[in-house]
Amino acid sequence: MAGPKHSCGVVGISAGSGVAHPLRTALMILQHRGQESAGISVFDGNWIESVRGDGLVEAAIPADRAESLKGTAGIGHVRYATTGSKGVINAQPITVKIASGMLSVAHNGDITNFSVLRDEYMREGRTFLTDSDSELILKLISKHLSEDPDIVKAIRAAMGELDGAYSLAVLYNGRVFAARDPFGFHPICLGKVEGGHMFASESTAIDALKGEFIRDIQPGEICEITRDGYVIHAMEGAHPHSRCMFEWVYFARPDSVIDGREVYEVRKRIGMVLARECPADVDLVMPIPDSGRAHAIGYALAAGIPYEEGFMKNRFAGRTFILPEQKLREAAVSTKMIPIRSTVSGKRIIIIDDSIVRGTTLKILVSMLRDAGAKEVHVRIGSPPIIAPCYYGVDMKTRDQFIANHYSIEGIREQIGADSLGYISLGGLVEAIGMPADELCLACTNGKYPTCIKGEEYRFS
Ligand code: 5GP
Ligand code: MG
């Protein structure tokens, strides 16, 4: 398996004028997809120049350095990774000089046959600078390019070797390509912007550049964008789809539209289904900000119960989920979210979150609500229990870390100290997304994986 796990964001622009600034802007909009590092690569007519750095886009790609990149074709990346795989060496895009020019790659997802391919490669005497699967993809494409100068064929051939999840941005001299794995795990879509075309992990980046959404890049497609248009190279033959349900449930921005389904609408529908499946007699519905907000709005609407914001989140607090130790995570959660006493005191409350992974967040927040005088605290969750690791780019790794593998639902309720606990059913989630179950990846909730993973159940066997 690949070293660093990441579900990141990618963008590419080909236009009549400089692309560095709009690339940087688009990455800021995709910031929620990765805060570990960011980078842009731009072809200046001769050479691919990059600015990459650790941290948020604003710091990683200083505006003046972005301005210094002159060129009309480029790609960009924000990187989400767990601690331990930090470092600017793993920042993307990754660029190499090859016989026919320059090649740069950025990637969102996880390659499940990474080790096998990389070991094969190393046995052939090739070397790697990083631990990232993006470098492997870059080397596969450059190997195929050295055999046949047709870049589309080279990307296609590399895709033929890769297993797992990838939404790719490829810059080959002045040409810009996007590609999406045949299962379509993670989103990527195409838009028209002033003076040219772009693609991005999420449609909201196109909106931010005042562009016009054109279409999703379909699973298995390679798409070249130019100043004047775009060309789609579809995959031959049919292939099953397996779109990550967690993009709608948690990962993507609510204002994005993924494969025709707006994330906000899906989350609201999840809340509505939850209200139907797990009702409760309470005074108010409250979200766990920010991830549970749309779910809670849907629940309140469907149940006819008032909606209130009862937690204030410190918007400057960092991410708690990736901290390396439980004690640190608990301390961080307890200072990140503070209840509004007047809203919760004496009330029977339902709080709604998108998911329970370790149970850290809810355990602390339920007890905070009680301390603030809540009479009853009921918990509703917008995804089924998470029980199996994600091998496709979401940061949920070992079975051991999931509270649902250690306790029954009643046991989890007790652990988090709630008066009642209800999860949406798998069928209810599928209904809310509005896509057939066999077109979705639901592996984290049912353990059935769409690609062969050693020791795991293969969904299509
Ligand atoms: P728990 O506290 O149960 O371990 O995790 C659940 C909380 O973390 C939820 O509020 C959810 O929004 C958030 N969460 C779930 N998955 C991820 C993830 O992959 N990364 C981050 N940063 N947060 C997550
Ligand atoms: Mg959350």
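Guide: Helices (H or I, at least four residues) and strands (E, at least two) are DSSP runs, numbered from the N terminus. This is a predicted model, in which local features need pLDDT of at least 70 and side-chain atom pairs count only at pLDDT 80 or more, while totals for chains, interfaces and linings use all residues. Residues are numbered from 1 along each chain as its sequence is written, chains are lettered from A and ligands numbered from 1 in the order in which they are written, and side-chain values use heavy atoms, with hydrogens and water left out.

Visitor: Is Gly-237 buried or exposed, and why?

Guide: Buried means under 20% relative accessible area, exposed over 50%, and partly exposed in between (1.4 Å probe, protein chains only). Gly-237 counts as exposed because its relative accessibility is 62%.

Visitor: How is the chain divided into domains?

Guide: Domain bounds come from an automatic or database domain assignment. Here the division gives domain 1 (8-239) and domain 2 (265-458). Their C-alpha centres are 32 Å apart. Contact means heavy atoms within 4.5 Å, and 14 residues of domain 1 are in contact with 14 residues of domain 2.

Visitor: How should I read the nonpolar cores?

Guide: In soluble globular proteins, nonpolar side chains tend to be buried together. A nonpolar core is a set of buried Ala, Val, Leu, Ile, Met, Phe, Trp, Tyr and Cys residues joined through side-chain atoms within 4.5 Å. The largest one here has 47 residues, and those with the most contacts inside it are Met-245, Phe-246, Trp-248, Tyr-299, Tyr-392, Met-396 and Ile-433. At least two residues of this core come from each of H8, H9, H10, strand E20 (348-353), helix H15 (426-433), strand E23 (440-441) and helix H16 (443-446). H9 gives the largest share, 6 residues. Domain 1 (8-239) and domain 2 (265-458) each contribute at least three residues to this core. Another core, of 29 residues, lies apart from it and includes Leu-103, Val-105, Leu-140 and Tyr-172.

Visitor: Which residues does Tyr-299 touch?

Guide: Leaving aside residues up to four places away in sequence, the residues touched by Tyr-299 include Gly-271, Met-272, Leu-274, Cys-278, Val-285, Ile-350 and Arg-380.

Visitor: How is empty space found and described?

Guide: Rolling a probe the size of a water molecule over the atoms shows where empty space is left. On a 1 Å grid over the protein atoms alone, a cavity is a set of points where a 1.4 Å probe fits but cannot get out, and a pocket is an open set with protein on both sides within 12 Å along at least five of seven lines; lining residues have an atom within 4 Å of a point. Grid points are joined across faces, edges and corners, and a volume is the space filled by probe spheres set on the points.

Visitor: What lies in and around the largest pocket?

Guide: The largest pocket holds about 1500 Å³ of space. It is lined by 46 residues, of which Tyr-250, Asp-290, Ser-291, Lys-313 and Lys-336 are the closest to its centre. By class (Ala, Val, Leu, Ile, Met, Phe, Trp, Tyr, Cys and Pro nonpolar; Asp, Glu, Lys and Arg charged; the others, Gly among them, polar), this lining has 22 nonpolar, 11 polar and 13 charged residues. At least three lining residues come from each of domain 1 (8-239) and domain 2 (265-458).

Visitor: How many cavities are there?

Guide: There is 1 cavity of 30 Å³ or more. The largest cavity holds about 110 Å³, and among its 14 lining residues Cys-244, Cys-390, Val-394, Cys-441 and Cys-444 are the closest to its centre. Its lining has 13 nonpolar, 1 polar and no charged residues.

Visitor: Which backbone angles deserve attention?

Guide: Most residues other than glycine have a negative phi, and most peptide bonds are trans. Here a cis peptide bond joins Pro-289 and Asp-290, with omega about -10 degrees, and another joins Gln-92 and Pro-93, with omega about -5 degrees. Lys-210, not a glycine, has a positive phi of about 55 degrees and counts as exposed at 74% relative accessibility. Asp-259, also not a glycine, has a positive phi of about 45 degrees, and Asp-259 is buried, at 8%.
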